[in-house]
Amino acid sequence: MNQERVSGYGPVDEPSWVPTFLDESPPHKGHRISREDWTLTCSSEDSDYPCQNAIDGSNTTSWRSGPISHLKSHISITVDLKNHYSVSALVILPPIDTGKDGLITHHEIWVSMDNKNWEGPIAYGMWPNSNRQRLSAFEPTSARYVKLTANAEATESSWIGISELNLYATLYTIPRDPKNGLWGPTIDFPVVPVAGAQEKSGNIVLWSSWASDQFHSTPGGQTAMARWNPITKEVSKRIVTNTQHDMFCPGISIDGTGMMVVTGGNDASPTSLYDGELDKWIKGPDMHLRRGYQASTTLADGRVFVIGGSWAGGSNIAKDGEIYDPATRNWTMLPGAKVKPMLTDDMEGPWRADNHGWLFGWKKNSVFQAGPSKAMNWYYVEGDGNFTGAGERGEDDDSMSGNAVMFDAVNGKILTIGGSPDYDKSWATSNAHVITLGEPGQNPDVRAAGQGGKMHSERVFHTSVVLPDGKVFIAGGQTFGIAFNEENVQFVPELYDPETNTFTELSQNNVVRVYHTLSILLPDGRILNGGGGLCGNCSANHYDAQIFTPPYLLTENGEERSRPEITTELPDTIEVGGKLKFHTNRRIASASLVRLGSATHTVNTDQRRVPLHFRRRMPVFGRYHVHIPNDLGIVIPGYWMLFVMDEAGTPSIAKTIMITSNVKTIGGASDEQTQYPSSRMRFQIELAK
């Protein structure tokens with residue numbers, strides 16, 4: 001008014017509370033978006049707790065919905081950012097003074113450019129049932145609007161609320177090139193998923209330790225578990241106590257009955273059995289030796305062999321082999337199956353040297369140990385057990401926390417990739433080899449894989465999955481391995497093609513996956529890649545996983561390809577050597593079996609692929625039959641996924657069947673060589689209960 005120049009600033013978002021990431025990994029290279037221009041819209045609010053409270057900068061105020069009994073099943077809060085951002089994470093703080101009242105657990109996150117056409121959910125799942133800060137991290141996505149939808153029916157409270165809501169964005173975008181595959185969505189879990197396995201139904205069971213976020217200071221006797229249904233997107237949680245077993249850092253194998261056998265770990269002696277059909281945990285027999293970080297594998301006759309594991313139970317006792325029989329549910333020591341030949345020369349000594357063995361059940365009930373020691377060995381389980389050396393893995397060094405995948409069991413082919421000479425504080429390698437097995441006891445053929453025997457990137461603590469077409473997907477890891485450290489991270493996955501003997505780089509992701517991560521093949525041909533951390537109050541915990549869609553499922557425009565389909569019902573059970581007849585909706589070019597997988601600490605000894613030779617049943621179009629190889633050393637008994645691929649290489653959604661022993665031949669041996677009593681047939685459980 002006095003012709004003075006007026007200057008100053010508009011509103012600035014200077015909150016008294018901002019997210020801290022003391023017990024979870026922060027959004028990778030994410031920056032908190034300033035909120036002064038935001039507009040919030042809530043589908044319901046209590047007049048005393050208005051919507052705008054969720055961004056007022058104070059953790060002592062909150063938005064609350066109206067009474068849930070009067071509302072629809074889903075309640076949403078929509079943010080108009082006013083500008084377009086590369087949004088990569090959402091963080092909420094629940095009301096902090098109401099205990100467990102008002103908590104949002106089951107949720108979905110959607111994004112939009114115009115508030116009309118919504119993409120997603122880009123993240124969904126179940127947050128932990130506590131009033132601490134919650135995070136959903138996802139691939140950077142261009143958006144102006146972000147919508148959080150809560151499932152009100154999943155809460156035990158009469159209302160839901162948020163004290164503070166924040167969004168994060170990256171200063172970059174990641175190209176979405178369908179020919180290199182696509183990442184997303186994110187699935188949020190109530191536990192840090194460091195171990196997991198697939199059920200016959202396609203559900204995935206995942207677990208952490210005695211607590212959802214840490215393994216240390218265990219009181220023992222329990223495990224925090226989550227279960228995810230990929231079809232319905234339902235996520236659930238429970239604490240498993242009836243087996244009295246903290247199942248962190250265990251051995252995992254799916255035995256010949258289809259039962260998951262989880263051994264040792266934090267509670268180092270127990271065995272826990274999981275029946276996926278009944279969603280039931282059963283207490284099994286204790287092992288003879290206390291073990292943690294051991295590896296196990298299922299044999300040709302359905303029994304489970306375990307060796308190593310000095311991380312728990314002391315390293316002053318040699319953790320020689322023992323074997324579990326699902327027919328009698330007993331463990332038997334194998335004093336002749338010595339662990340010493342497979343030890344690495346780890347700088348930390350014996351407690352690290354026998355960890356995470358690369359074990360493969362093979363013909364005549366033998367076990368091939370491909371690593372991680374550079375020395376390879378054959379193990380035998382008859383009588384007191386035995387072993388013979390199998391030479392060295394080419395020019396490779398010890399490769400702790402590397403990967404080994406049997407991508408073609410018919411021809412005995414195993415891909416080994418990465419790892420480091422020592423478990424911790426050690427440089428990773430990009431070394432890659434293909435091992436070809438012959439008869440038990442023979443030295444295998446070892447050849448370099450890829451150009452110069454190298455992947456594109458050095459990796460340790462990475463994970464890998466064999467795909468239905470025989471290619472191997474490799475994700476995550478570090479160039480310098482340090483447990484619970486998130487530096488030197490590899491974000492660009494690779495795909496190994498055995499036909500061309502090449503590694504190809506795929507689309508990068510934006511979520512760190514290093515120590516304590518896992519990957520599991522899903523029945524629809526996608527991959528679940530998740531976990532990391534489990535270190536309590538540390539900034540490396542990841543309560544989530546992502547889906548990776550491989551290129552074989554996508555068109556050039558990123559749309560999902562039309563799939564071939566098996567249109568006939570398959571038998572629940574088939575014997576090894578049997579013949580499967582089925583119809584398809586189009587011409588197919590190949591077929592394969594992939595055994596259900598289990599994974600923890602870079603080890604997945606259950607997964608293996610069996611390429612199938614098929615014949616078209618002339619003259620009728622779309623009718624085929626395939627023969628299951630008549631060798632249980634190749635087709636280990638248990639649950640397998642049957643995939644068919646069309647001429648473009650697109651896989652069907654798998655049909656899951658149980659493959660059982662025909663008793664007369666086990667592991668390729670004649671009945672004169674290996675005869676088992678009729679009680680062995682007890683592992684042919686009925687699937688249609």
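**A guided look at this model**

Guide: Start at Asn-501, which sits in the loop between strand 36 (494-497) and strand 37 (502-505). Strands (E, at least two residues) and helices (H or I, at least four) are DSSP runs, numbered from the N terminus. This is a predicted model, in which local features need pLDDT of at least 70, side-chain atom pairs count only at pLDDT 80 or more, and totals for chains, interfaces and linings use all residues. Residues are numbered from 1 along each chain as its sequence is written, and side-chain values use heavy atoms, with hydrogens and water left out.

Visitor: Why is Asn-501 called partly exposed?

Guide: Buried means under 20% relative accessible area, exposed means over 50%, and partly exposed is in between (1.4 Å probe, protein chains only). Asn-501 has 30%, so it counts as partly exposed. Its phi is positive, about 55 degrees, although it is not a glycine.

Visitor: What makes Phe-461 buried?

Guide: Its relative accessibility is 2%, so Phe-461 counts as buried. Phe-461 is not a glycine either, yet its phi is positive at about 65 degrees. Look for it in the loop between strand 32 (454-459) and strand 33.

Visitor: How do you know which residues Thr-344 is in contact with?

Guide: Contact means heavy atoms within 4.5 Å. Setting aside neighbours within four places in sequence, Thr-344 has such contacts with Arg-352, Ala-353, Pro-372, Ser-373, Asp-398 and Met-400. Thr-344 lies in the loop between strand 22 (330-333) and helix 1 (350-353). At 8% relative accessibility, it counts as buried.

Visitor: How far apart are Gly-184 and Thr-549 in sequence and in space?

Guide: They are 365 residues apart in sequence and 7.9 Å apart in space, C-alpha to C-alpha.

Visitor: What makes Asp-23 and Arg-132 a salt bridge?

Guide: A salt bridge is a side-chain nitrogen of Lys or Arg within 4 Å of a carboxyl oxygen of Asp or Glu. The closest N and O atoms of this pair are 3.8 Å apart, and the pair qualifies. Asp-23 is in the segment before strand 1 (31-32), and Arg-132 is in the loop between strand 6 and strand 7 (134-151), 109 residues apart. Asp-23 is buried at 18%, whereas Arg-132 is partly exposed at 24%.

Visitor: Why can such side chains pair at all?

Guide: Side chains of opposite charge can pair when their charged atoms come close. By this rule the model has 29 salt bridges.

Visitor: How do you know that Lys-179 and Asp-177 form one?

Guide: Their N to O distance is 2.4 Å, and that meets the rule. Lys-179 has 59% relative accessibility, so it counts as exposed. Asp-177 has 24% and is partly exposed.

Visitor: What does the salt bridge of Glu-494 and Arg-459 tie together?

Guide: Their side chains meet at 3.1 Å, N to O. Glu-494 lies in strand 36 and Arg-459 in strand 32, so the pair ties together parts 35 residues apart in sequence. Both Glu-494 and Arg-459 are buried.

Visitor: What are the domains of the chain?

Guide: The assignment gives domain 1 (30-173), domain 2 (182-553) and domain 3 (573-660). Such bounds come from an automatic or database assignment.

Visitor: How many residues put domain 2 and domain 3 in contact?

Guide: In domain 2, 65 residues are in contact with 39 residues of domain 3. The C-alpha centres of these two domains lie 23 Å apart. Between them the count is 0 salt bridges. The side of domain 2 that touches domain 3 has 33 nonpolar, 23 polar and 9 charged residues. Here Ala, Val, Leu, Ile, Met, Phe, Trp, Tyr, Cys and Pro count as nonpolar, Asp, Glu, Lys and Arg as charged, and the others, Gly among them, as polar.
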